[in-house]
Amino acid sequence: MEELRRGAAEDAPAIRELTRTAYAKWVPVIGREPKPMAADYAEAVRKHRFDLLYVEGELAALIETIPEADHLLVENVAVAPAFQGRGLGRKLMAHAEELAASLGFGEIRLYTNKLFAENVQLYGKLGYRLDREEEFKGGVVVHMSKRIRS
């Protein structure tokens with residue numbers, strides 16, 4: 001059974017733990033911890049929206065979104081290693097698109113490390129287009145967006 005619910009302040013430690021385990025596989029790829037591994041989730045949960053996806057009562061995945069002036073930004077999508085490959089990331093991205101539309105936004109944006117090739121490919125399959133690339137901490141950040149119906 002799956003349950004999606006809004007994150008709250010008391011979820012910050014679980015959000016941090018899930019994010020750290022989900023992103024750990026990327027440390028050897030880029031030679032450092034990705035940005036989400038070092039985030040202050042006690043602060044982030046106060047400022048951003050977190051939607052938590054539970055499978056059989058266990059926190060399996062999450063998505064962090066930030067409403068901007070003219071779009072919804074997907075700041076973080078994390079799926080616990082034991083739950084990867086089950087389409088939970090796709091499900092959360094669809095949820096974010098529905099959220100963006102409900103907030104009246106016609107666009108959703110995200111960014112990821114260019115070396116996270118499977119993520120870049122997934123976003124492409126979901127209809128996101130490459131907007132630009134920029135250097136960041138010795139690597140390249142890929143900025144992507146998708147027009148949605150609001």
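Predicted model: local features only at pLDDT ≥ 70, side-chain atom pairs only at ≥ 80, totals over all residues.
## Helices across the sheet

## Strand S2 and its partners

S1 pairs with S2 in the antiparallel sense, over five bridges. Within this pairing, Arg6 stands opposite Asp51 of S2, and Glu2 has Val55 of S2 as its bridge partner. The pairing of S2 with S3 is also antiparallel and extends over seven bridges. Here Val55 stands opposite Glu58 in S3.

S2 and S3 form a hairpin with two residues between them. In the turn, Glu56 has a positive phi of about 50°. S2 is largely enclosed by the rest of the structure, because six of its seven residues are buried.

## Leu52

Leu52 is located in strand S2. Its relative accessibility is 0%, and buried means under 20%, so Leu52 counts as buried. Leaving out residues up to four places away in sequence, Leu52 touches Glu3, Leu4, Arg5, Gly7, Asp11, Ile15, Leu59, Ala61 and Leu62. Leu52 and His71 are 19 residues apart in sequence, and their C-alpha atoms are 21 Å apart in space.

## The nonpolar core

The largest nonpolar core has 44 residues. Phe50, Val74, Leu88, Met93 and Tyr128 are the residues with the most contacts inside this core. At least two core residues come from each of the helices H1 (12-23), H3 (41-47) and H4 (88-102), and from each of the strands S2 (49-55), S3 (58-67), S4 (72-79), S5 (107-113) and S7 (139-147). H4 gives the most, with six residues.

Val74 is one of the residues with the most contacts inside the core. Apart from neighbours within four places in sequence, Val74 is in contact with Ile63, Glu64, Thr65, Met93, Ala96, Ile108, Arg109, Leu110 and Tyr111. Met93, among these contacts of Val74, is also among the residues with the most contacts inside the core.

## Aromatic pairs

Aromatic rings can be described in pairs by the distance of the centres and the angle of the planes. Three aromatic pairs are found in a search of the whole structure. One of them joins Tyr41 and Phe50, with ring centres 6.0 Å apart and planes at 75°, so this pair is edge-to-face. Both residues are buried: Tyr41 has a relative accessible area of 2%, and Phe50 has one of 1%.

Tyr123 and Tyr128 form another edge-to-face pair, with ring centres 6.2 Å apart and planes at 65°. Tyr123 and Tyr128 are likewise buried. The two pairs described here each include a residue listed among those with the most contacts inside the core, namely Phe50 and Tyr128.

Terms used: Residues numbered from 1 in each chain as written. Heavy atoms only, no water. Core = buried A, V, L, I, M, F, W, Y, C linked by side-chain atoms within 4.5 Å. Buried < 20%, exposed > 50% of the residue type's maximum accessible area, 1.4 Å probe, protein only. Helix = DSSP H or I, 4+ residues; strand = E, 2+ residues; numbered from the N terminus. Contact = heavy atoms within 4.5 Å. Phe/Tyr/Trp six-rings, centres within 6.5 Å; stacked < 30°, edge-to-face > 60°. Pairing = 2+ DSSP bridges.
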